[in-house]
Amino acid sequence: MNFPILSYLILLPTIGSLFIFFTKSNKENNITVKYVALFTSLVNFFLSIYLWILFDQSTSEFQFVEDRIWIESFINYKVGVDGISILFIVLTTFITPLCIISINNSIKNRLSEFLIAVLIMESFMIGVFCSLDLVVFYLFFEAGLIPMFLIIGIWGGTRRVYSAFKFFLFTLLGSVLMLVAIISIYWISGTTDVIQLYELGIDAKYQNFLWLAFFSSFAVKTPMWPVHTWLPDAHVEAPTAGSVLLAAILLKMAGYGFIRFSLGLFPIASETFTPLIYTLSVIAIIFTSFIALMQEDMKKLIAYSSVAHMGFVTLGIFTIQQQGIEGSIIQMISHGLVSAALFLCVGVVYDRMHSRLINTYGGIVSIIPKYSVLFMLFTLAALGLPGTSGFVGEFLILMGAFKDNFLVAVVASLGVIIGAAYMLWLYKRVVFGKLVNSDLKQMVDLNKSELFILTCLAIPTLFFGFYPDPLLNTIEVSITDLIEVYNINIMHN
Amino acid sequence: MINLELIFPEIFLSLSIMFLLILGVFKKNSSTLIQNISLIVLLITAVITFNETLAINQTTLFNDSIIIDYFSSFMKIVTLIAAFLVLLISTNYLKTFKIFKIEYPILILSSVLGMMVMISSNDLIVFYMGLELQSLALYVLATFNRDQLKSSEAGLKYFVLSALSSGLLLYGCSLIYGFTGSTNFNVIANQLNSSEYMITFGIVFILVGLAFKISAVPFHMWAPDVYEGSPTSVTLFFTMVPKIAALTVFIRFLYVPFLNLIDQWQIILIFLSIASMLFGAIAAIGQTNIKRLIAYSSIGHIGYTLAGLATVSNDGIQSSVIYITIYIIMNLGLFSCLLMMKRNNKYYENIEDLSGLSKNHPLLSFSLLIILFSLAGIPPLAGFFAKFYIFKSVLEQSMYFLAIVGLLSTVIAAFYYLRIIKIIYFDKEKEKYDTDHSLWLKLSLTASTLLILMYFIFPNQLIEVISRINII
C-alpha cells in the first residue's frame with residue numbers, strides 16, 4: 001500500500017478548514033465557505049467508502065498500516081484499521097457532511113468558525129479510530145475537546161457556558177488518569193505500539209490499575225452512570241449540529257476504546273471487572289430510562305436515552321461473546337444514525353417554534369405530515385423495532401448477555417420495554433393529540449435539505465435493519481480473533 | 001594559561017554595558033540608539049556563545065570557579081534570546097508611559113550579565129555575585145514606572161523580600177563552607193558527609209533561597225504583587241528570563257555539590273513541586289487581573305518544572321529544560337497579546353477587558369485561544385508535550401503520587417484558562433482595541449502561536465538539542 005489513505009482521511013478536513021480560515025468571512029462568502037466544507041467532507045466520505053471497498057474482510061490483521069517515526073526512539077505515528085475500527089470511520093465521514101448541510105439557518109453568526117471547528121473535529125475523530133499507538137490515540141482523543149468546547153460554548157443555548165465547562169472538565173479529569181496509565185505502559189512494556197502490545201501482553205499484576213485508569217476516561221466519555229451528568233447538559237445547550245456530532249461520533253470513542261484497549265490490552269483485568277461494568281450498565285439502562293421518561297425537554301430526553309443505549313453497548317462489549325460485541329458495534333453504528341436523526345428532528349421543530357419543551361407541541365401530525373412520518377421511523381428505530389438497525393444491535397447484545405449472565409440479561413431486557421415507553425410517549429405527546437397551540441398551525445413541513453438529510457439517515461437505518469450482513473461481515477473476523485486471544489489470555493492466567 | 005576566550009561573551013557584554021552607559025551620558029536623546037545597540041549586543045553575545053558551544057567540551061576556569069559546558073551555553077543562549085525578544089517588543093509600551101529611557105536596555109543587559117555569571121558559576125561566591133548583579137538590576141526594573149504607586153510598591157516589595165531570601169541563601173552558603181572548608185562545588189561534593197546535621201540545614205537554607213527566586217510555593221508571596229505592579233514589559237521579563245537562570249542554578253546546586261545527599265533534598269523538592277502545582281492552579285481561579293493570574297499560573301508551571309528535577313535523572317532534567325523552553329514561548333505569546341490590548345494610549349489589564357475579543361479581533365483571539373489551551377496542556381499543542389515529557393520522566397521513577405497530583409492540578413488549572421477563553425469567545429464584545437501595533441509585536445505573536453501550533457509536527461529538533469545536556 002503506497003497510498004497513505006488513512007493519513008489523507010485525517011488530513012483532508014484539516015486542509016479544508018485551512019481554506020476556510022484564509023477565506024475572508026462576510027455575508028457573501030458564507031455560501032462559498034459552506035460549499036468548501038461540504039466538498040471536503042464529501043470527498044472524505046467517498047474516500048472512506050473506497051477504503052471500505054478495499055478493506056479485506058477475511059483477515060483480522062490491521063490493514064493500510066502506516067508507520068512513521070514521530071518522536072525519535074519513543075513514539076511512532078502509526079495508523080491502521082481492522083474490522084472494528086473501519087465502520088466508525090465510515091460513520092464519522094457519513095455524519096459530518098450531513099451535519100454541514102443541516103446548519104442552514106440555525107447558525108447565523110460566525111459560520112466559518114463553526115465549519116472550521118466541525119472539520120477539525122472530523123479530523124480528530126478519524127484519528128482516534130485509526131491510531132495504533134496509545135500516545136497518538138490519546139492525542140486525538142483529547143484534542144477533540146477543543147473544538148467541541150467551542151461548539152457548545154459559542155453557538156449553544158442559554159446555559160452554554162456551564163455546559164461547556166462541565167463537558168470539558170469532566171472529560172479532561174477522566175482522561176488525565178489514562179495518560180498516567182499510557183506512560184506507565186511505556187515504562188512497563190517499553191512501547192506504546194498497540195500491535196506490539198497485543199503480542200507482548202501486559203504483566204497481570206499491573207493490569208487492574210491500568211484498566212481502572214483507562215476505565216475512568218472511557219466511563220466519562222461513554223458516558224456511564226454515575227458520571228453521565230455532563231451529557232444531558234452538553235446536549236441540551238449545544239446547537240443541533242453539535243448535538244449530532246456529540247451523539248453520533250463522540251460517544252462512540254469510548255465504546256471503541258473499551259473494545260480496542262480494555263479488552264485487547266488488559267484481558268485479565270477485564271474479566272475481573274466485568275461485574276462492575278454489568279452493574280453500571282444495568283443501572284444506566286434502567287435508571288436513565290426512568291429519568292428519560294420524566295423529561296420535559298425533548299433534547300434532554302434523547303440525551304438520557306443515549307445514556308441508556310450506551311449502557312447496552314458496554315453491557316454487550318463485556319459479555320465477551322461474539323454476538324455481544326458484534327451487537328455493541330452495530331448498536332453504536334445504529335445509535336449514531338438514529339440519535340443523529342432524532343436530534344435533527346428536534347432541531348427542525350426548534351427552528352420553527354424555538355422551543356424544545358414537549359408540552360409546546362401536540363397534534364402536529366396533520367400540519368407537518370412528512371416530518372411526522374420520518375420522526376416516527378426514527379422513534380421506532382430508537383426503541384429497537386424489528387426491521388430497523390436498532391433491533392439488530394439490541395437483539396445481538398441481549399443474545400450475548402443471555403449466554404453469559406441470565407439475570408443481567410433479564411433486567412436489561414426490561415430496559416428495552418421502558419425504552420419503548422419513553423420514546424413512544426414522546427412521539428405521542430409531540431405529534432398526536434389535540435392541537436395545543438394555535439401558533440403550531442404556522443409550521444411548515446420539511447424543506448428540501450431537511451428532507452434530504454433525514455432520508456439519508458433513514459435509508460441505512462432501514463437497510464441495515466433488514467440486511468445487516470455488510471456490517472457483520474466486516475467486523476466478524478476481527479471480533480472472533482479478539483475473543484480468541486482474550487480467552488487464551490484468561491486460560492493462561 | 002587561562003582560556004579567557006571562553007568567557008568572551010561575558011567580557012563583551014560587560015564592555016558593551018559600560019560603553020552604552022557612557023554613550024547615554026554624553027549623547028542627548030539617545031534612547032532609541034541605545035535600544036538598538038543593546039539589541040545588537042544581545043544578538044552578538046548569543047552568536048559568540050553559540051559558536052563556543054560547538055567548539056568545546058566541559059571546561060572550568062579560574063580555579064574551577066566557572067564552568068562552561070553545553071548546559072550552561074544552552075541556557076545562556078535561551079536567556080539571551082528571551083531578553084532580546086523582551087527588549088524588542090516592549091518599545092511601544094514604554095513609549096506610551098513615557099519611560100522609554102536609556103536605563104531600561106542597560107538594566108536589562110546588566111541583569112542578563114548577572115544571569116550569565118550565575119549560569120556558569122561553579123563556586124558559591126561567583127554564584128552569589130551573579131545573583132546580586134541580576135537582582136539589583138531587577139529591583140530597579142520593577143520600579144521603572146516610578147510615578148505609579150503600584151510600580152514603586154512592587155519594586156520595594158521585591159527588594160525587601162528578595163534581600164531576605166538572599167540572606168537565607170548566604171547563611172546556607174556559609175554553613176556549607178563551614179563544614180566543607182570550600183566554596184567550590186566540586187570540592188563540596190567530595191567533602192559532604194550526610195551524617196552532619198548542620199549540612200542539611202545549609203542545604204535547606206540554600207533551597208529556600210533558590211525557591212524564593214523561582215517563586216515556588218511556599219516562597220511565592222512576592223510574585224503576584226510584583227508581577228502586577230511592574231510595567232507589563234518588565235513583568236514579561238520577570239516571568240521568563242530570571243527563571244531560566246534560577247532554574248539552571250537550581251539544577252547545578254542539586255546535581256553537583258549535593259548529588260550525594262539526594263535523600264535529604266528529594267522530598268523537599270517533591271513538596272515544593274506539589275505545593276506549587278496545586279496552589280498555582282487553585283489561587284489563579286479567583287484572579288481578575290491578567291498579570292496576577294499569570295503570576296499564579298507561572299507558579300504552577302514552576303511546579304511542573306520542579307517535578308522534573310525531583311526525579312534525579314538526566315531524563316528529568318532534560319524534561320524540565322524542555323518545559324521551561326516551551327513555557328517561555330507560550331509566555332511570550334501571551335504577553336504579546338497583553339501588550340496589544342491598548343486603546344487610546346491606555347493599556348488594559350483586567351480579564352474582563354478581554355470580553356468578546358473574538359468578534360473584533362478574530363486573529364488575536366485565535367492566537368490567545370491556542371496559547372491558553374497550550375498553557376492548559378491540551379494536546380496537540382506544545383504545552384501538552386512539555387507536560388508529557390515531565391510526566392514521562394516522573395513515571396519512569398515510579399513516582400505515581402507526584403504524577404497523579406500533577407495531572408489533577410492540570411485539570412484545576414484548565415478551569416481558569418477556560419474561563420479566559422470563555423470571556424474571549426462567549427461573552428459580549430466591547431470596544432475595539434487599537435490595531436497599529438509594531439511589526440515586532442505582531443511577529444512575535446505570530447511566531448509563538450505558530451511554534452505552539454506546529455510543535456507536534458517537528459517534536460524531534462528540540463529534544464535533540466536538549467538531549468545533549470548531561471549533568472549526572
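This is a short tour of a predicted model, with stops at one helix of chain B, a helix pair of chain A and the contact of chain A with chain B.

**Stop 1: a helix in chain B**

Start by selecting residues 439–454 of chain B, which form helix α19. Now colour B:L441, B:S444, B:L445, B:S448, B:T449 and B:I452, the buried residues of α19(B). Look down the helix axis: the buried residues fall within an arc of 125 degrees, so they line one face of α19(B). On the other side, pick out B:L439 and B:M454, which are exposed. To see what covers the buried residues, show chain B helices including α3 (70–89), α14 (314–340) and α17 (382–396).

**Stop 2: a helix pair in chain A**

Next, select residues 111–130 and 134–143 of chain A, helices α4 and α5. Their axes are 8 Å apart and the packing angle is about 150 degrees; the crossing of α4(A) with α5(A) is left-handed. Show side chains for A:F124, A:G127 and A:V128 in α4(A), which meet A:F137, A:F140, A:F141 and A:A143 in α5(A). Six of these contact residues are nonpolar, one is polar and none is charged.

**Stop 3: where the chains touch**

Finally, bring both chains into view. How many residues does each chain give to the contact? Chain A gives 25 residues and chain B gives 23 residues. On the chain A side, the elements giving two or more residues are β1 (63–71), α5, α6 (145–155) and α7 (160–189). The chain A side divides into 20 nonpolar, two polar and three charged residues.

Terms used
Residues numbered from 1 in each chain as written. Chains lettered and ligands numbered in written order. Predicted model: local features only at pLDDT ≥ 70, side-chain atom pairs only at ≥ 80, totals over all residues. Helix = DSSP H or I, 4+ residues; strand = E, 2+ residues; numbered from the N terminus. Expected span 1.5 Å × (residues − 1). Buried ≥ 20, exposed ≤ 12 C-beta atoms within 10 Å, placed from the backbone. Arc of directions from axis to C-beta. Contact = placed C-beta atoms within 7 Å. Axes fitted to C-alpha atoms, helices over the stretch in contact; angles between N-to-C directions. Left-handed = near helix turned anticlockwise from the far one by under 90°. Nonpolar A, V, L, I, M, F, W, Y, C, P; charged D, E, K, R; others polar.
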